[in-house]
Amino acid sequence: MTLFALLFSIVMGSGSLAWGFAQAGLPQFARWIILFGALWLFAVWQRWRWFAYVGLIFNFIVAALGLWLLNFSPGWMFAGAIGGLLAWDLTDFSYRLRFATDEERRGFETRHLVRISFLAILGFGLTSIAMIIKWQFNFDWALLLAIVASFGILQLIIWLRKRS
Amino acid sequence: MSRAFFLSLLIFVLLLAGLTALRGALLALAIPLLLYLFYGLFFGPDKVQLEVHRTLSAERVSPQTPVLVTVSVVNRGDSLESLVLDDVLSPALSVENGSNHHLISLGKNKTFTFEYILRGPRGGYALDTVRVGASDHLGLLRNTQSIHTFGQLFVFPRVTRLKQIQIRPRRTRVYAGNIPARVGGSGVEFFGVRNYQQGDSPRAINWHISARHEELYSNEFQQERVADVGIILDGRQRSNIYAGGHSLFEHSVIAAAALADSFLAQGNRVGLLVYGQYLQWTWPGYGKLQREKILHSLSHAAPGSSQVFDGLQYLPTRMFPSESQIVLVSPLMDDDYLTLVRLRARGYQVMAVSPDPVAFEESFLPRQPEVRLAARVVRIERELMLKKIQRAGVQLIEWNVAQPFDQATRRAFGQRIQGSRL
């Protein structure tokens, strides 16, 4: 089940990005994305777990490129990025599952897939809402975001240090 | 790099890019990552407080005997959503049934018990660590610990019981035993005749000789005592060949175990020296405790190579009482002859038990004329060497390992052997 979800995520991620680029008239670029998707599938077959990190970065860079420089339709780009995130998560999850017996595996798989699907839908929904509600992104907003981000990262670091 | 850190870095880069380019879409792209990260961190494990207990169905077994291991884990801390339990095993042990690792969710004060059956080859194994890894739902934060528990498994070599091995060392100890002591006194075997002394039993008087002389003579019997026996197990890599994934050394260990058991059962004081990469010495002793010590030592014995102990000339003979019995268990190399002769010259009674390396290796080779010819040549060389050793006064037991060890000793001593036991 996890393997199927993982393969589906990779296909969905790479497919969405490729489709977005093809729609915008860049079929050459779309071909490269599909090639990368195929390489990721090959990496899954070869059990190169590290490749999931490369895949996640690649999907987000391509999505960011499409949104920033080329001004593409955001739906396909977000779908591609979320697909990459899911594939990255499921690669690690399938590795953790090696410790589980068959009985334990079924319960864990179901719970994890439900959670991750919920997160994906929620993430996609919130991202879409964020794109619909448009404010003028002026300096005040940028400053506020920077302060909030700095504060959040600081809190995160403190929290992580406490735990370790 | 932890997954949480990697994700945080990616979010940071996206936020930075969004703020730099003043692009809301890039900030929006960070939302799924932020959601994922916060969800993982929110449900992250706090402190891991686990109690682990392990029990084994048996701690002393013979090779490849199944052992049931039961591990129970009690969670004394908060609930753990994802907990990996890995009972760390030596690579030599194999899990036959069940699993030694699990992925579970464990609530507060809940207990999880798992069982598995393992088996393994000869050796001593410590089963003292359970590795636990607690993580959040998404595996972003991991808290890994090694919990130490008590557990050990000794896989002793199979001990074939030999009824009696006849040895006659020059010197014996003072305690009564089975070995003829070359000293007159009370015993079973006739030893000689001497003048009657006050206190001699009338039944001991030799009437035939007394009738021919004018005084009384008494029969003397040979005293039977226990002796010192030093068993030397040859663990040199070069003399213990490997063939077909099997080692001749394993057979040497079986022979050493059977001999030690037999000598101890006769009441002798037995010591063991494993001569290989280094000297592993089990101090001589008596009885069941000594048997246990020797079996422990044999369970850990492994062949090894060392420049110092490459030949037998560095055998520390001072460890063995003078004129005692030495039993060398070795496939024997050409240059071992001189060492055996030297041992004899020093007054030791020497017995050599030699697992046949030629027959052992040949059994794993294809039956071709070339192989047969080569084996024949090597066998002739070996027989010449063994004959030389026998002529030097060394008692020799040659053992074709395809047959049980008790058969080899039966041939050598013409004794009846009982069955086998651990």
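**Figure 1. Chain A from end to end.** Read along its sequence, chain A runs α-α-α-α-α-α, with six helices and zero strands. Helices here are DSSP runs of H or I with at least four residues, strands are runs of E with at least two, and both are numbered from the N terminus. This is a predicted model, in which local features need pLDDT of at least 70 and side-chain atom pairs count only at pLDDT 80 or more, while totals for chains, interfaces and linings use all residues. Residues are numbered from 1 along each chain as its sequence is written, chains are lettered from A and ligands numbered from 1 in the order in which they are written, and side-chain values use heavy atoms, with hydrogens and water left out. Along the principal axes, the C-alpha atoms of chain A fill a box of roughly 55 × 50 × 25 Å. Of the 164 residues in chain A, 41% are buried (under 20% relative accessible area with a 1.4 Å probe, protein chains only; exposed is over 50%, partly exposed in between). Among contacts (heavy atoms within 4.5 Å) in chain A between residues at least 6 apart in sequence, 66% join residues at least 24 apart.

**Figure 2. Where chain B meets chain A.** Here 48 residues of chain B are in contact with 45 residues of chain A. About 4100 Å² is buried between the two chains, with 74% of that area from carbon and sulfur atoms; buried area is the accessible area (1.4 Å probe) that two parts lose on being put together, summed over both. The rule finds four salt bridges across this interface, each a side-chain nitrogen of Lys or Arg within 4 Å of a carboxyl oxygen of Asp or Glu. One of them pairs B:Arg3 with A:Asp92, whose closest N and O atoms are 3.3 Å apart. On the chain B side, helix H1 (3–21), helix H2 (24–42), strand E4 (80–87) and strand E6 (101–106) each supply at least two residues. H2(B) gives the most, with 13 residues. By class, this side of chain B has 30 nonpolar, eleven polar and seven charged residues; Ala, Val, Leu, Ile, Met, Phe, Trp, Tyr, Cys and Pro count as nonpolar, Asp, Glu, Lys and Arg as charged, and the others, Gly among them, as polar.

**Figure 3. Domains 2 and 4 of chain B.** The assignment, automatic or from a database, divides chain B into domain 1 (3–43), domain 2 (50–155), domain 3 (184–223) and domain 4 (228–421). Six residues from domain 2 and nine residues from domain 4 make up the contact between these two domains. Together they bury about 600 Å², 42% of it on carbon and sulfur atoms. In domain 2, B:Arg60, B:Arg122 and B:Phe154 lose the most area to domain 4, together 83% of what that side buries. B:Arg122 also joins B:Glu250 through a side-chain salt bridge (2.7 Å, N to O).

**Figure 4. Two loop residues of chain B with positive phi.** Most residues other than glycine have a negative phi. B:Asn109, in the loop between E6 and strand E7 (111–119), has a positive phi near 60°. For B:Leu332, phi is also positive, at about 70°. B:Leu332 lies in the loop between strand E19 (325–329) and helix H6 (336–345) of chain B. Is B:Leu332 buried or exposed? B:Leu332 is buried, with a relative accessible area of 5%.
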